Amino acid sequence: MKAHIAQWIGRRKKQEDYYVVRSYSNGVLAVVCDGMGGHSYGALSAHRAAEEFVVAFEERPDGSVAERLRWALDDANEAVAAVGERTGAFGGTTLLAAFVGAGVLWWASVGDSPLFLWRNNRLVRLNADHSMRAIYRDFVQSGAMTHAEAMSRGHELRSALTGDALPMVDVPPTPYPLLPGDRIILATDGTDDLLQQPSLSPETRLLLNDRSAPLASLLVDACRRLEKEWADNTTVVTVDIE
């Protein structure tokens with residue numbers, strides 16, 4: 001397996017994304033957090049949540065991977081609560097974690113940061129979307145709303161790490177089987193205009209099949225070239241299954 005990371009601040013004044021990647025003898029753990037923009041200490045919440053998640057995952061080696069991911073998620077949420085108690089300000093973050101090893105993929109997520117699988121020229125989102133976009137999708141299918149409207153209006157989160165009880169989490173009890181050649185992508189919503197479209201452009205498909213350079217860097221560079229005035233913080237972690 002090969003993991004690569006790329007990050008871009010976008011058109012924002014502050015980078016509120018944070019990531020951690022760790023390699024172990026039995027696999028790779030990747031964590032991506034997107035601090036909740038517009039809230040105080042979003043960047044600090046993302047940092048503390050990701051770091052605490054990894055510590056908690058490593059401190060409990062005896063449970064199943066799914067159990068360890070869920071325990072770590074709860075500890076990360078408590079870390080965000082501690083940030084609020086210490087600073088007296090509100091902060092929050094999404095969290096997406098993936099553990100890849102022994103030919104399978106496990107994940108835990110809260111929020112809207114997408115986990116993608118690229119296989120056989122097809123991009124599939126694996127994890128749940130805890131934003132209003134998931135609700136608006138039905139409106140798009142019925143013709144009551146366009147895809148562009150759903151993407152622009154649907155960023156409100158239905159679940160995130162804020163220190164309160166988590167109303168929605170996605171931690172599958174069984175792993176997802178992987179195949180040689182699979183490409184796993186963890187991303188923040190800065191990639192939405194590139195990857196979360198009704199159909200991928202031919203140029204994006206070429207990038208996803210391009211193995212001449214790290215995929216994470218190729219995707220972030222492609223987001224830059226879109227030259228969106230509102231471009232969000234962008235973080236991409238990719239894992240190639242060889």
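## Packing of α1 and α2

Helix α1 crosses helix α2 in a right-handed manner (a crossing is right-handed if the near helix is turned clockwise from the far one by less than a right angle, left-handed if anticlockwise; helices are DSSP runs of H or I with at least four residues, strands runs of E with at least two, numbered from the N terminus). On the α1 side, the contact (heavy atoms within 4.5 Å) involves residues including L44, R48, F53 and F57, and on the α2 side residues including L69, L73, A76 and V83. By class, the residues of this contact comprise 13 nonpolar, two polar and six charged.

## Basis of the model

This is a predicted model, in which local features need pLDDT of at least 70 and side-chain atom pairs count only at pLDDT 80 or more, whereas totals for chains, interfaces and linings use all residues. Residues are numbered from 1 along each chain as its sequence is written, and side-chain values use heavy atoms, with hydrogens and water left out.

## D34 in strand β3

Strand β3 spans residues 27–35 and contains D34. Beyond its neighbours within four places in sequence, D34 contacts residues among them E16, D17, T93, S113 and D189.

## Helix α7 and its cover

In α7 (residues 215–225), the buried residues include L215, L218, L219 and C223. The elements covering the buried residues of α7 include β1, β9, α5, α6 and β10. After α7 comes E227, which has a positive phi near 55°.

Key
Nonpolar A, V, L, I, M, F, W, Y, C, P; charged D, E, K, R; others polar. Buried < 20%, exposed > 50% of the residue type's maximum accessible area, 1.4 Å probe, protein only.
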